[in-house]
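The following paragraphs give a guided reading of one protein structure. Please keep the sequence and the three-dimensional view at hand while reading.

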Amino acid sequence: MNSLISELGRVVAEGFYDHQHVRIAEMNRVRDVLRKKNEGIAFDQVEEKKEEKTYDEKYKDENLPLLLEQMLSEGKLMQDERDYINNILTLHVEALKNEYKYEKLMSAFVSQEKAYTEFLKHVRGIRMILSANIIKNFGYCEKYNHVSSLWKHCGLHVVAGHAIKKVKGQKLDFNPKLRTLCWKIGDSFVKSRSPYRQFYDSEKERQLALMENKAEGAPVSKMHAELRSRRKMVKIFLQHYYVISRSLVGLESSEPYPQERMGHKSYINPFEFLDKMKMP
């Protein structure tokens, strides 16, 4: 393993999201200006909360050029205004090209890491960018003596049977960036129909049944059931990453507490699951 590439690769992985965040934030501001201009809303008018605004298809990035021409033909934009906005959109395209360059650099970093070649590359839903950020943030789980420590660092642990929430004025005992990363992993699994999605589907069915039967500890809403199901799926993935990555650097790992100390039989062997994912 080339330690210099590994260290710089972690910098590049972080840089990708830095650039992406700036690009998306800028485009959202441009989109909002165009929406107000197109819908006759004064720029200084106080509107409802952001989540109550509606952005239909015409305001998507790929549809903005057509919208500009329409607004120009309807007299909502002057020619120089349209040209100015087009120059901004050109900067947006250039920013995307830079992100693609970051992806290539991440590929060089990730492709020489055993955590990728031996595990992550075989997981549907974990592409190069997610792989880079998983390796950047977790390494080979050397600093986690137990998988529960990894879960807690990501904010996936529970206290008194409830998932951890941010509370104003209270210091967090987890890393919110890692919880965001875990959300991205779970979202990718659901959308790509990853083999890990089976854990989400079965848990979702169980949670909805609990809610329907008004069982003790049942989720309070369908969204609550959704979040519980995603959390379980991601925790299983992280447990697999924990075991496999530590084994790649010669470290032992323990089973999760319910299996190791309480005799639960629901343990899913990471290596057996990996073998199934490798099957054509």
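Asp275 counts as partly exposed, because its relative accessibility is 45%. In this predicted model, Asp275 belongs to helix H11, which covers residues 270-278. Sequence position and spatial position can be considered together here: Asp275 and His122 are 153 residues apart along the chain, and their C-alpha atoms are separated by 9.3 Å.

The largest nonpolar core comprises 48 residues. Phe119, Phe138, Tyr196, Phe237 and Leu238 have the most contacts inside it. Helix H9 supplies the largest share of this core, namely 9 residues. Apart from this core lies another one, of 11 residues, which includes Met27, Leu34, Leu67 and Ile85.

Which residues does Phe237 touch, leaving aside its neighbours within four places in sequence? Its partners are Phe119, Leu120, Val123, Ile126, Ile134, Ile185, Phe189 and Tyr196. Two of these partners, Phe119 and Tyr196, are also listed among the residues with the most contacts inside the largest core.

The axis of helix H8 (residues 197-212) and that of helix H9 (residues 222-248) come within 8 Å, and they cross at roughly 145°. The crossing of H8 with H9 is right-handed. On the side of H8, the contact is made by Arg197, Phe199, Tyr200, Glu203, Lys204, Gln207, Leu208 and Met211. On the side of H9, the residues involved include Lys222, Ala225, Glu226, Arg228 and Ile236. Sorted by class, the contact between H8 and H9 has 7 nonpolar, 2 polar and 8 charged residues.

The last topic is the cysteines. A disulfide is a covalent bond between the sulfur atoms of two cysteines. How many disulfides are counted in the model? The count comes to 0. Cys154 shows why: the closest cysteine sulfur, in Cys182, is 3.8 Å from its own sulfur, which is too far for a bond. The cut-off applied is that the two sulfur atoms must be within 2.5 Å. Cys182 is likewise in no disulfide, with the sulfur of Cys154 as its nearest cysteine sulfur.

Are these two cysteines buried or exposed? Cys154 is buried, since its relative accessible area is 0%. Cys182 also counts as buried, because its relative accessibility is 3%. The cut-off for this label is a relative accessible area under 20%.

Conventions: Residues numbered from 1 in each chain as written. Predicted model: local features only at pLDDT ≥ 70, side-chain atom pairs only at ≥ 80, totals over all residues. Heavy atoms only, no water. Axes fitted to C-alpha atoms, helices over the stretch in contact; angles between N-to-C directions. Helix = DSSP H or I, 4+ residues; strand = E, 2+ residues; numbered from the N terminus. Left-handed = near helix turned anticlockwise from the far one by under 90°. Contact = heavy atoms within 4.5 Å. Nonpolar A, V, L, I, M, F, W, Y, C, P; charged D, E, K, R; others polar. Core = buried A, V, L, I, M, F, W, Y, C linked by side-chain atoms within 4.5 Å. Buried < 20%, exposed > 50% of the residue type's maximum accessible area, 1.4 Å probe, protein only.
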